[in-house]
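I'm jotting down what I looked up, one entry at a time.

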Amino acid sequence: AAECDFIVDLVSDPIKKADPPLTNYFKLCRPNMQKTARFVQLNVNHIDFIRKLISNHMGFNIQRRGFDAIEVTPRSNELKELADWFVQGKLEQPIDSIIPFEDGALHEAYDKLRNMKAQGKIIVKMSR
């Protein structure tokens, strides 16, 4: 059922090829989006960024229907505010696992990231 009005994608790149292929979240989310819904992808690939520039200049959208792209450059005051919100409990970051800084564990963690199996951040614990 088309329930979503707004989706923000911080991770995927629908153009770039990877091994295994990156998930095209726009395509996966489309069936759950209302006809007027917006899918916003941050820090998009160069093709979507060029489409965005051309669309803005020409005055009509040449991008996929419901898709929008935003280029983001973090600023120190914004990062500090996000860190403060995290400390205050206003933001949550799930942790997938904490691994030691060892060859086998690092390879396992990389495979988990590459295969998109991580369910949160993977923290690498460094010994002193």
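Predicted model: local features only at pLDDT ≥ 70, side-chain atom pairs only at ≥ 80, totals over all residues.

**Entry 1: Ala69 and the ground rules**

I started with Ala69, which sits in strand 3 (residues 67-70). Residues are numbered from 1 along each chain as its sequence is written, and side-chain values use heavy atoms, with hydrogens and water left out.

Is Ala69 buried or exposed? Ala69 counts as buried, at 5% relative accessibility. My cut-offs: buried is under 20% relative accessible area, exposed is over 50%, and partly exposed is in between (1.4 Å probe, protein chains only). I also checked Ala69 against Asp48: they are 21 residues apart along the chain, and their C-alpha atoms are separated by 6.8 Å.

**Entry 2: the whole chain**

I counted 4 helices and 5 strands in the protein chain. Read from the N terminus, the order is β-α-β-α-β-α-β-α-β. The chain has 128 residues, and 20% of them count as buried. I get an accessible surface of about 9,900 Å², with 58% of it belonging to carbon and sulfur atoms; the areas come from Shrake-Rupley with a 1.4 Å probe, and for residues only the protein chains shown count as cover.

Next I looked at contacts, meaning heavy atoms within 4.5 Å. Taking contacts with a separation of 6 or more, 67% are between residues 24 or more positions apart.

**Entry 3: helix 2 and what follows**

I checked the length of helix 2 (residues 46-58). Its 13 residues should span 18 Å at 1.5 Å a residue, and the end C-alpha atoms are 18 Å apart, so that agrees. The expected span is 1.5 Å times one less than the number of residues. Just after helix 2 comes Gly59, with a positive phi of about 90°.

Ser55 is in helix 2 too. I have Ser55 down as buried, because its relative accessible area is 10%. What does the side chain of Ser55 reach? I found the backbone nitrogen of Ile62, at 2.9 Å. Leaving out residues up to four places away in sequence, Ser55 touches Phe60, Asn61, Ile62 and Gln63.

Ile50, also in helix 2, is partly exposed, with a relative accessible area of 45%. I then found Ile50 in a nonpolar surface patch with Ile54, Met58, Phe60 and Ile62, about 460 Å² of accessible area together. Patch rule: residues with over 30% relative accessible area and no salt bridge, like charges joined within 9 Å, nonpolar side chains (Val, Leu, Ile, Met, Phe, Trp, Tyr) within 5 Å.

Moving along, I found Gly66 in the loop between helix 2 and strand 3. Gly66 is buried, at 6% relative accessible area. Not counting residues up to four places away, Gly66 touches Phe26, Met33, Ala37, Arg38 and Phe39. Its C-alpha is 8.4 Å from that of Val40, 26 residues away along the chain.

**Entry 4: salt bridges**

How many salt bridges are there? I count 2, using a side-chain nitrogen of Lys or Arg within 4 Å of a carboxyl oxygen of Asp or Glu.

One is Lys80 with Asp84, the closest N and O atoms being 2.9 Å apart. Both lie in helix 3, 4 residues apart, about one turn of the helix. Asp84 is partly exposed, at 30% relative accessibility. I checked helix 3 (residues 76-88) as well: 13 residues, 18 Å from first C-alpha to last, close to the 18 Å expected. Gly89 follows, and its phi is positive, near 85°.

Lys112 and Asp96 also meet in a salt bridge, 2.6 Å from N to O. The pair links distant parts of the chain, with Lys112 in helix 4 (residues 103-114) and Asp96 in strand 4 (residues 95-100), 16 residues apart. Lys112 is partly exposed at 29% relative accessible area, and Asp96 is partly exposed at 22%.

**Entry 5: Ser97**

Last stop was Ser97, in strand 4. Its side chain makes a 3.0 Å polar contact with the side chain of Asp96. A polar contact is a pair of N or O atoms within 3.5 Å; within protein, one must be able to donate a hydrogen and the other to accept it, and residues adjacent in sequence count only if both atoms are side-chain atoms. Ser97 touches Lys112, Lys121, Ile122 and Ile123, leaving out residues up to four places away in sequence.

How values were computed
Helix = DSSP H or I, 4+ residues; strand = E, 2+ residues; numbered from the N terminus.
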